[in-house]
Amino acid sequence: RHGVVKNEDTFKTSPFHFDLWFYFTLQNWVLDFGRPIAMIILPLEWFPLNKPSAGDYFHMAYNVITPFLLLKLIERSPKTLPRSMVYVSIIMFVMGASIHLVGDSVNHRLIFSGYQHHLSVRENPIIKNLKPETLIDSFELLYYYDEYLGHSMWYIPFFLILFIYFTGCFTPVAEESRMPVAALLLMGPSSLYYWYLVTEGQIFILYIFTFFAMMALVMHQKRKGLVLDSNGLFLFYSFIITLVLIAVWVAWLWNDKILRKKYPGVIYIPEPWAFYTLHMNNLHAAKESL
């Protein structure tokens, strides 16, 4: 039966999945992190503002490739995992990523019209003067679908699948609790991408609860004499490094008054693209004026 851990699965182990983790890291950097960059650097004549941008096609590819890789990762687990939960999570993931595709496409295209990500929707100069004022409500609805509903339906299933996979990454053999060189090489790019995912997606609460759940599971399994295998160590250490990177990022921008206004409250984690439109865009404009 699906979701039942078989006795013969309990002590199975699997080698480090270099191919899958490499594909994950590559497509995350190219298709997710790279999509807004591709939209900005490619000539506007190739992708008019009333048509999908290059970044949108990157996003479409991401929405197809990532669920496939997640399913392959689950298939390689040494334990029989709850398939129904995995399938529902994949469906939710695709729905959320697709909702995000539409909202993010419009929001990023607005940059060419002067939209500033470090400001709220109503504070943006190109938005607050719209007539009738009900149009502003429509843009706020678009922002809600992009930044809240889309992100929730995208990232919650994503982290849930990673955690489900993580539950099967334990072994009683201490010699198998070590990472190969390939894993160490991938850990940096992987951790840096998770930093981008958490900060740009504004999902620190989801990330930190997932990390705490991982820590609790590690301590619980340790009492049973089980340790993480190479895949579990790779995922666990990547999350640890991600937390360090987030702390450095927040400390660096701690006294930024403008970003503080955009991100009020106890949890202050600015988005990288808000930082870009606030500081880097101004820097580029100053260079062009010289």
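These are my notebook entries on what I looked up in this predicted model.

**Ground rules**

I number residues from 1 along each chain as its sequence is written. Because the model is predicted, I take local features only at pLDDT of at least 70 and side-chain atom pairs only at pLDDT 80 or more, while totals for chains, interfaces and linings use all residues; side-chain values use heavy atoms, without hydrogens or water.

**Confidence**

I began with pLDDT, the predictor's confidence in each residue, from 0 to 100. The mean for the protein chain is 86, and 91% of its residues reach 70 or more. Where does pLDDT stay under 50? I found residues 1-8, with eight contacts beyond four places in sequence, and residues 283-290, with one such contact. Contact here means heavy atoms within 4.5 Å.

**Transmembrane record**

I then looked up the UniProt record, an unreviewed entry, which lists "transmembrane region" for residues 20-42, 57-74, 86-103, 154-174, 203-220 and 232-254. Its positions are in the numbering used here, feature names are shortened, and annotations may be inferred rather than shown by experiment.

I checked two of these spans in the model. Residues 86-103 are 100% helix and 0% strand, with end C-alpha atoms 26 Å apart. Residues 232-254 are 91% helix and 0% strand, and their end C-alpha atoms lie 33 Å apart. Helices (H or I, at least four residues) and strands (E, at least two) are DSSP runs, numbered from the N terminus.

**Nonpolar cores**

Next I looked for nonpolar cores, meaning sets of buried Ala, Val, Leu, Ile, Met, Phe, Trp, Tyr and Cys residues joined through side-chain atoms within 4.5 Å. For exposure I use relative accessible area: buried is under 20%, exposed is over 50%, and partly exposed is in between (1.4 Å probe, protein chains only).

Which residues have the most contacts inside the largest core? They are W21 and F239, in a core of 63 residues. Helices α1 (18-41), α2 (54-75), α3 (83-109), α5 (134-166), α6 (181-201), α7 (204-223), α8 (230-252) and α10 (272-289) each supply at least two residues of this core. Apart from it lies another core of six residues, including L110, I127, I136 and Y143.

I listed the partners of W21 too: leaving out residues up to four places away in sequence, W21 touches F16, L73, Y165, L186, N231, F234 and L235.

**Helix neighbours**

Is S89 buried or exposed? S89 sits in helix α3 and is buried, because its relative accessible area is 5%. Beyond its neighbours within four places in sequence, S89 contacts P157, L160 and I161.

I followed this to L160, in helix α5, which is partly exposed at 32%. With residues up to four places away set aside, L160 touches M85 and S89. L160 and L206 are 46 residues apart in sequence, but their C-alpha atoms are 9.6 Å apart.

L192, in helix α6, is also partly exposed, at 36%. L192 touches W29 and L245, again not counting residues up to four places away. From L192 to T242 I read 50 residues in sequence and 6.5 Å from C-alpha to C-alpha.

**Cavities and pockets**

I used a 1 Å grid over the protein atoms alone: a cavity is a set of points where a 1.4 Å probe fits but cannot get out, a pocket is an open set with protein on both sides within 12 Å along at least five of seven lines, and lining residues have an atom within 4 Å of a point. Grid points are joined across faces, edges and corners, and a volume is the space filled by probe spheres set on the points.

The whole structure has four cavities of 30 Å³ or more. The largest cavity has a volume of about 210 Å³. Its lining has 21 residues, of which D104, H108, E147, E200 and E271 lie nearest its centre. Helix α5 gives the most to this lining, with five residues.

The largest pocket has a volume of about 510 Å³. Of its 24 lining residues, E147, Y148, G201, Q202 and Y263 lie nearest its centre. Helix α5 also provides the largest share here, seven residues.

Most residues other than glycine have a negative phi, and most peptide bonds are trans. I noted a positive phi near 55° at Q202, in the loop between α6 and α7. I also noted a cis peptide bond between K131 and P132, with omega about -5°; P132 lies in the loop between α4 (125-128) and α5.
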